[in-house]
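I opened the model to look up its packing. My entries follow in the order I made them.

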Amino acid sequence: MQKKRKSVSAEKSGEVVADAEESIAVEQYWHSAGRAKLRKPPKNYKYIEEIAHLQFELIKLQEWVRLKGLKVVVIFEGRDAAGKGGVIKRITESLNPRICRVAALATPTEKERGQWYFQRYAAHLPARGEIVLFDRSWYNRAGVEHVMGFCTKDEYDEFLRSAPLFEEMLVRSGVFLIKYWFSVSDEEQEKRFQDRMRSPIKRWKLSPMDIESRKHWVEYSKAKDIMFAKTDTTLTPWFVVDADDKRKARLNCIAHVLQQIPYTDLTPIEIELPPRQPDAGYKRPKISTLHFVPKIY
């Protein structure tokens with residue numbers, strides 16, 4: 001019985017440990033990550049080395065966006081458990097949150113329901129020198145709202161008509177708009193759902209709406225196909241990411257993002273630290289007056 005408990009505990013903490021180990025390993029590769037950005041990886045590439053290189057390039061892109069005052073929007077849509085969150089995490093973990101931020105909007109409030117549909121999303125659009133990653137976006141109306149009956153048919157039809165016009169306005173105003181759809185097979189999604197059900201660390205990712213969506217698999221597929229037919233335009237195309245393999249999906253998506261925005265190598269320069277101010281006799285309070293966090297580790 002004791003061995004079984006240990007095995008279950010190890011399974012629960014597996015993702016946390018794996019993420020921590022990946023972050024540490026990536027930092028060890030950063031010293032050699034500044035290679036030429038245009039490069040076809042070898043067949044025997046190492047995931048950690050590739051993700052480190054791509055994150056290093058994202059830092060250069062971030063500096064270019066900041067200095068040139070660009071406005072970048074990246075939309076992440078797709079099936080539940082398709083791996084959108086993992087890609088977003090790998091993009092943001094090496095970037096400045098004041099420049100690159102995530103917009104993951106909750107259920108609209110009563111006030112927001114009475115607004116122009118795009119209004120609450122427009123409030124999160126980037127200013128000059130910013131990158132915004134939408135973890136789901138205005139395309140909620142073409143997916144969950146339509147399938148689950150949270151909007152009327154007239155509202156749905158109007159969205160499909162106006163979304164390309166809204167996005168054209170964004171592009172004409174100077175916004176770089178990139179849209180990704182993460183595609184996952186039903187077998188792989190089922191596997192990930194079961195994994196989330198077993199692990200308390202991942203269980204929060206399974207919302208009641210995610211569970212309900214299992215009953216409407218075909219309806220969601222049809223809604224996605226209609227959405228593509230109406231909103232996959234020459235100006236703002238949809239890019240499909242094969243997400244059955246999470247690691248490959250991360251590498252392919254980040255590499256593609258880097259190809260969408262021409263940028264110059266602006267690796268942040270090393271800063272020379274000034275000497276610290278000398279002690280001129282200032283007496284600090286006694287340590288006994290401070291409230292320390294107990295050392296339980």
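**Entry 1: F182 and the cores**

I started at F182 and skipped neighbours within four places in sequence. F182 is in contact with F76, E77, G78, R79, A82, G83, K84, V87, V241, A243 and C253. Contact here means heavy atoms within 4.5 Å.

I noted the ground rules next. This is a predicted model, where local features need pLDDT of at least 70 and side-chain atom pairs count only at pLDDT 80 or more, while totals for chains, interfaces and linings use all residues. Residues are numbered from 1 along each chain as its sequence is written, and side-chain values use heavy atoms, with hydrogens and water left out.

Then I looked up the largest nonpolar core. It has 35 residues. F182 is among those with the most contacts inside it, along with F76, I91, L133, Y180 and I254. Six elements supply at least two residues each: α2 (47–68), β1 (71–78), α3 (84–92), β3 (130–135), β4 (175–183) and α11 (246–260). Helix α2 gives the most, with nine residues. A second, separate core has 25 residues, including A142, C151, F166 and F228.

For my own reference, a nonpolar core is a set of buried Ala, Val, Leu, Ile, Met, Phe, Trp, Tyr and Cys residues joined through side-chain atoms within 4.5 Å. Buried means under 20% relative accessible area, exposed over 50%, and partly exposed in between (1.4 Å probe, protein chains only). Helices (H or I, at least four residues) and strands (E, at least two) are DSSP runs, numbered from the N terminus.

**Entry 2: Whole chain**

The protein chain comes to 11 helices and five strands. Of its 297 residues, 40% count as buried. I also took the contacts between residues at least 6 apart in sequence: 75% of them join residues at least 24 apart.

**Entry 3: I75**

I75 lies in strand β1. Is I75 buried or exposed? I75 is buried, because its relative accessible area is 0%. Not counting residues up to four places away, I75 touches F134, S137, W138, Y139, L177, I178, K179, Y180 and W238.

**Entry 4: Helix pairs**

I checked α2 against α11. Their axes come within 10 Å and cross at roughly 25°. So α2 is roughly parallel to α11. Axes are lines fitted to C-alpha atoms, for helices over the stretch in contact, and angles run from 0 to 180 degrees between N-to-C directions. Angles under 35 degrees count as roughly parallel, over 145 as roughly antiparallel, 65 to 115 as roughly perpendicular, and the rest as oblique. Y47, E50, I51, L54, E57, L58 and L61 in α2 meet R247, R250, L251, I254, A255 and L258 in α11.

Q62 is also in α2. Q62 is buried, at 5% relative accessible area. Beyond four places in sequence, Q62 touches L95, N96 and I99.

Next came α7 (residues 153–172) and α10 (residues 217–231). Their axes come within 9 Å and cross at roughly 40°. That makes α7 oblique to α10. Y156, L160, A163 and P164 in α7 meet I226, M227, K230 and T231 in α10.

**Entry 5: Cysteines**

How many disulfides does a search of the whole structure find? It finds zero. The cut-off is a pair of cysteine sulfur atoms within 2.5 Å. I looked up two cysteines. C253 is buried at 1% relative accessible area, and C151 counts as buried at 10%.
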